[in-house]
Amino acid sequence: MTVEMRRRGRPKAFNGPQSQNTIQALDRALDVLEALATPEGMTLSKLADHLGQSTATMHRVLATLERRDFVEISPDRQVWHIGPEAYRLGSAFLRRSNVVERSRPVMRDLMLETGETSNLGIERDGNVLFISQVETHESIRAFFPPGTLSPLHASGIGKALLSTYDEDRLSVLFKKRELERFTENTMRSFDQLRKELQRTRERGYAFDDEERTRGMRCVASPILNVHGEAVAGISVSGPKIRIRDSDVHEFGERVRRAASMVSRRIGAQ
């Protein structure tokens, strides 16, 4: 059963015999946290419907989580949101790797040099998980808050990471996966993506030309660890009116140098 199916329907742990290695109440609470992990949050009734549970059951779970500050409610709208304790524990994931800490000064410099938002992302279950961002001061800007997921094939950082994978790994990753199309510029096939990845290797940076969002562009490069493995990607993103065709190569070189700097800081040769 896919993650999407589980989120839309009745959680797997709520049906049938329970595994001896799982705790049903904990599984239910984690499903609630996953469901609330959106900027909009959810009302009690919407959450109950979303997870296929009664409002009484969901209220007990929410009350327990609220007591520990894992969720909080907006009194005026009666909408539940992720709480500060969930954020604090989630931040431990970022602290586990020094790539975030080592990247921040470089990302700030990159934003100042280009005038565009700088992002840091890692691969997570076939997607890019954005884990850090330094926003531009421009009113019109790209916005990928930490925690946002984006498909690898339609992302600058995603294509930068994919360009470091060997053919076997790419084949396994895309063997049973359709390339979801978002705009007329989205990669349509694995063969087209493969050719784009070769161009990325030759340039040293990936280019997302309105492939995820119309009017937005992104230039990205992979960050390597001491073993030469891609552990993250760094990028600058902004509107096409500011990242013009004549700017792409300059931006790409700046991003490539930034990625190399962070790579050296975490031990790469």
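Setting aside neighbours within four places in sequence, L179 is in contact with H153, F174, M187, R188, S189, F190 and L193, where contact means heavy atoms within 4.5 Å. This is a predicted model, so local features need pLDDT of at least 70 and side-chain atom pairs count only at pLDDT 80 or more, while totals for chains, interfaces and linings use all residues. Residues are numbered from 1 along each chain as its sequence is written, and side-chain values use heavy atoms, with hydrogens and water left out.

Where does L179 sit? You'll find L179 in the loop between α8 and α9. Helices (H or I, at least four residues) and strands (E, at least two) are DSSP runs, numbered from the N terminus. L179 counts as buried because its relative accessibility is 15%; buried means under 20% relative accessible area, exposed over 50%, and partly exposed in between (1.4 Å probe, protein chains only). The C-alpha atoms of L179 and P151 are separated by 8.6 Å, though these residues are 28 residues apart along the chain.

Now follow the chain into helix α9, residues 190-203. After α9 comes G204, with a positive phi near 95°.

Strand β7 takes us to a sheet. This open sheet has 6 strands in the order β6-β5-β4-β9-β8-β7, with antiparallel pairing; two strands pair if DSSP finds at least two bridges between them. At the edges are β6 and β7, each of which pairs on one side only. From one strand to the next, the twist averages 30°. Angles here run from 0 to 180 degrees between N-to-C directions, and axes are lines fitted to C-alpha atoms, for helices over the stretch in contact.

Zoom in on strand β5 (residues 127-134), which is mostly covered: 7 of its 8 residues are buried. Strand β4 (residues 117-124) runs antiparallel to β5, joined by 7 bridges. In this pair, S118 stands opposite V134, and E123 stands opposite V128. The hairpin of β4 and β5 has 2 residues between the strands, and D125 takes a positive phi near 55° there. β5 also pairs with strand β6 (residues 149-151), in the antiparallel sense over 3 bridges, and N127 stands opposite P151 in β6.

Helix α6 (residues 99-114) touches β4, β5, β8 (216-224) and β9 (230-239), and its direction makes about 70° with that of β5. Helix α10 (residues 245-265) lies across β7, β8 and β9, running at about 25° to β8.

There's another open sheet to visit, with 3 strands in the order β1-β3-β2 and antiparallel pairing. Its edge strands are β1 (42-43) and β2 (71-74). Strand β3 (residues 79-82) runs antiparallel to β2, with 4 bridges joining them. Helix α4 (residues 55-67) packs on this sheet, touching β2 and β3, and its direction makes about 105° with that of β2.

Which way do the side chains of α4 go? T57, M58, V61, L62 and L65 are buried, and they fall within an arc of 130° seen down the axis, so they line one face of α4. The face turned away carries the exposed residues R60 and R67. The buried residues of α4 pack against α2, α3, β2 and β3.

That leaves α2 (residues 24-36) and α3 (residues 44-51), which pack at an angle of about 115° with their axes 11 Å apart. Their contact is made by D31, V32, A35 and L36 of α2 and L47, H50 and L51 of α3.

Definitions and conventions: The arc is that of the directions from the helix axis to the C-beta atoms.
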